[in-house]
Amino acid sequence: MKITIILCSLLIVQYALTFIQVRSYRKSMEKIVSRYKETEGYYLFSSMEKRKFRPGAIAMIIVNNSYMIQECYVVNGFSVLSKFKEVVKYKGKHVGTLLSEVQENQLKTGKRHKVPAVSAALSKAAENALLSIAKKNITTN
């Protein structure tokens, strides 16, 4: 009986923390999107990297039709109180450059299977950007 109460309590706490995290994510996303709402040719790409027993990460990038990164934000860690932080080093760079830098860092460390969560999330978001914008450009031409 005690185990059941403890497990139910843990589920309730997990639900509450997930709710707080999703609300924070939505607020951050809405704040970023509001800057580009009235302009065409800008796209938001987001990716999440989950880890079982290590911190995960979420990445959001704003990319224009020319595959140039306008803004880049990441959040990582266990805490639901973590906030999105801007990654200035990718601002104004081509999406392919982001992918190249992530792969170079991976090769430098020599850890092929243990890619940091932030790098994996950024890589997924950049790949989504390349594929989606390419499809959009093909269909409009």
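The exercises below go through a predicted model of one chain, each with a worked solution.

Residues are numbered from 1 along each chain as its sequence is written, and side-chain values use heavy atoms, with hydrogens and water left out. Because the model is predicted, local features need pLDDT of at least 70 and side-chain atom pairs count only at pLDDT 80 or more, while totals for chains, interfaces and linings use all residues.

**Exercise 1. Describe the chain as a whole.**

Solution. Start with the elements: the chain has three helices and four strands. These are DSSP runs numbered from the N terminus, with helices (H or I) of at least four residues and strands (E) of at least two. Read from the N terminus on, their order is α-β-β-β-β-α-α. Next take the extent: the C-alpha trace spans about 65 × 40 × 30 Å along its principal axes. Then take burial: of the 141 residues, 31% are buried, where buried means under 20% relative accessible area, exposed over 50%, and partly exposed in between (1.4 Å probe, protein chains only).

**Exercise 2. Work out how strands S2, S3 and S4 are joined.**

Solution. Two strands pair if DSSP finds at least two bridges between them. S2 and S3 meet this with eight bridges, in the antiparallel sense. S3 also pairs with strand S4 (residues 85-86), again antiparallel, over two bridges.

**Exercise 3. Is Gly41 buried or exposed, and which residues does Gly41 contact?**

Solution. Locate Gly41 in the loop between H1 and S1. Its relative accessibility is 16%, so Gly41 counts as buried. Contact means heavy atoms within 4.5 Å. Leaving aside neighbours within four places in sequence, Gly41 is in contact with Val63, Asn64 and Asn65.

**Exercise 4. Describe the largest pocket and its lining.**

Solution. A pocket is an open set of points on a 1 Å grid over the protein atoms alone, where a 1.4 Å probe fits, with protein on both sides within 12 Å along at least five of seven lines; lining residues have an atom within 4 Å of a point. The largest pocket has a volume of about 560 Å³, the volume being the space filled by probe spheres set on the points. Of its 26 lining residues, the closest to the centre are Gln21, Met48, Lys50, Ile58 and Gly77. Helix H1 (2-34) and strands S1 (42-49), S2 (56-64) and S3 (69-77) are the elements that give two or more residues to the lining. H1 gives the most, with five residues.
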